[in-house]
Amino acid sequence: MLLLDKTDVDRKLKLLRQEITERGIVDELRGWNYDKPPLQPLSRSVKFGVSELAGRYCETLRDIYLKRVLGLKPSLSVKMIRGTALHWAIKDAVSDVKKFIYNNPDATGTELLRDLLSKAERTGWAAASKAELTINILEQKDKDQLVKECSSLYSFLIIQAAAKFDYALSKYPHAEPDSIVSVAVPPVTERKVDGALVGLASELSVDMYTPYNAIIDFKTGEVRHFHPLTAAGYALAIESEENIPIDFGFVVYLKFEKKTPSFNIRYFVVGDELRREFLEIRDEAFEIVNSGRDPGMPSKCQDFCPYYQVCQKG
Ligand code: SF4
């Protein structure tokens with residue numbers, strides 16, 4: 001799975017399955033019950049992005065009021081550009097590996113490595129530049145650092161993919177490229193999902209969707225308590241569209257402490273409590289947009305909130 005160690009994932013999933021067996025997930029909180037409360041959205045006309053609801057920097061949801069009622073844009077930071085660029089580097093690596101295997105059915109991991117590693121710097125630069133153009137201009141030192149991180153992440157993933165490619169070839173010597181891809185690089189990146197039935201945007205993009213019926217969400221900043229809410233939003237959207245249960249969420253925290261990236265993974269069940277919390281935020285956000293009410297400020301604002309400057313001016 002490139003980023004995740006299969007043995008580690010299997011061990012964690014065994015424990016999480018046990019948790020589901022003991023506590024279950026109530027059917028009324030599955031996305032396919034989108035036509036009944038509490039899933040049924042209060043409005044079909046207002047649709048929220050998952051990160052707009054799940055990114056709960058602001059406990060009172062004043063960010064929703066500022067954006068949706070007053071039409072103010074959040075200020076975008078270097079951290080946000082970094083996050084976007086690193087997501088692109090992951091997406092490019094997975095997509096390049098798949099393309100290589102389809103286009104070179106007789107190749108081996110060594111050839112994949114040779115071909116794609118030579119593109120690492122170019123891909124890193126392209127990912128950083130695309131994020132910079134879409135979001136904001138970076139200072140040269142920040143851009144150089146970001147190019148380095150994107151290239152290093154891309155290289156790391158290509159090296160993992162080459163090993164998994166060889167392993168798949170050796171285990172299944174008669175398999176077609178399509179099967180080899182599904183063994184060596186199973187996850188779907190940036191999987192599109194229509195969340196309209198549960199009051200979410202109609203073109204949501206899930207970071208990774210895995211054969212374990214799990215949502216993987218990448219984070220490039222600090223650990224925040226609300227991060228699992230993102231998996232809850234995507235789980236509800238996929239369940240409403242596909243009628244299949246999504247039980248697990250993985251938040252992958254990406255860090256660059258040395259030259260290579262490292263990953264800390266938080267595994268959890270997308271359980272009742274998380275689903276209810278996400279739905280409560282969705283309904284409260286709708287009420288704010290519908291009434292135009294300013295929900296006021298929480299007792300403490302974090303200076304990393306994208307509306308910090310706006311709210312501090314009063
Ligand atoms: S600065 Fe405070 S009140 Fe304003 S959106 Fe951020 S957390 Fe909410």
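This is a predicted model: local features need pLDDT of at least 70, side-chain atom pairs count only at pLDDT 80 or more; totals for chains, interfaces and linings use all residues.
**View 1**

View 2. Strands of a sheet pair through backbone hydrogen bonds, in either the parallel or the antiparallel sense.

**View 3. Strand 1 beside strand 2.** Strand 1 and strand 2 run antiparallel and are joined by 5 bridges. Lys-192 has Ser-205, in strand 2, as its bridge partner.

**View 4. The hairpin of strand 2 and strand 3.** Strand 2 (residues 204-209) and strand 3 (residues 214-219) run antiparallel, with 2 bridges joining them. Tyr-209 is the bridge partner of Ile-215 in strand 3. The two strands form a hairpin with 4 residues between them. In the turn, Asn-213 has a positive phi of about 55 degrees.

**View 5. Strand 3 beside strand 4.** Here the pairing is parallel: 6 bridges link strand 3 with strand 4 (residues 248-255). Ile-216 stands opposite Phe-250, a residue of strand 4.

**View 6. Residues around the ligand.** The shell consists of Tyr-57, Cys-58, Arg-62, Asp-63, Met-297, Pro-298, Cys-301, Cys-305, Tyr-307, Tyr-308 and Cys-311. Helix 3 (62-69) and helix 11 (308-313) are the elements that give two or more residues to this shell. By residue class, the shell around the ligand holds 9 nonpolar residues, no polar residues and 2 charged residues.

**View 7. Arg-82 in helix 4.** Arg-82 is part of helix 4, which spans residues 78-103. Arg-82 counts as buried because it has 23 C-beta neighbours inside 10 Å, and the cut-off for a buried residue is 20 or more. Leaving aside residues up to four places away in sequence, Arg-82 touches Leu-146 and Thr-220. Between Arg-82 and Arg-191 the separation is 109 residues in sequence and 21 Å in space, C-alpha to C-alpha.

Terms used. Residues are numbered from 1 along each chain as its sequence is written. Two strands pair if DSSP finds at least two bridges between them. A residue is near a molecule or strand if its C-beta atom, placed from the backbone, lies within 6 Å of it. Ala, Val, Leu, Ile, Met, Phe, Trp, Tyr, Cys and Pro count as nonpolar, Asp, Glu, Lys and Arg as charged, and the others, Gly among them, as polar. A residue is buried if 20 or more other C-beta atoms lie within 10 Å of its own, exposed if 12 or fewer, and partly exposed in between; C-beta atoms are placed from the backbone. Two residues are in contact if their C-beta atoms, placed from the backbone, lie within 7 Å.
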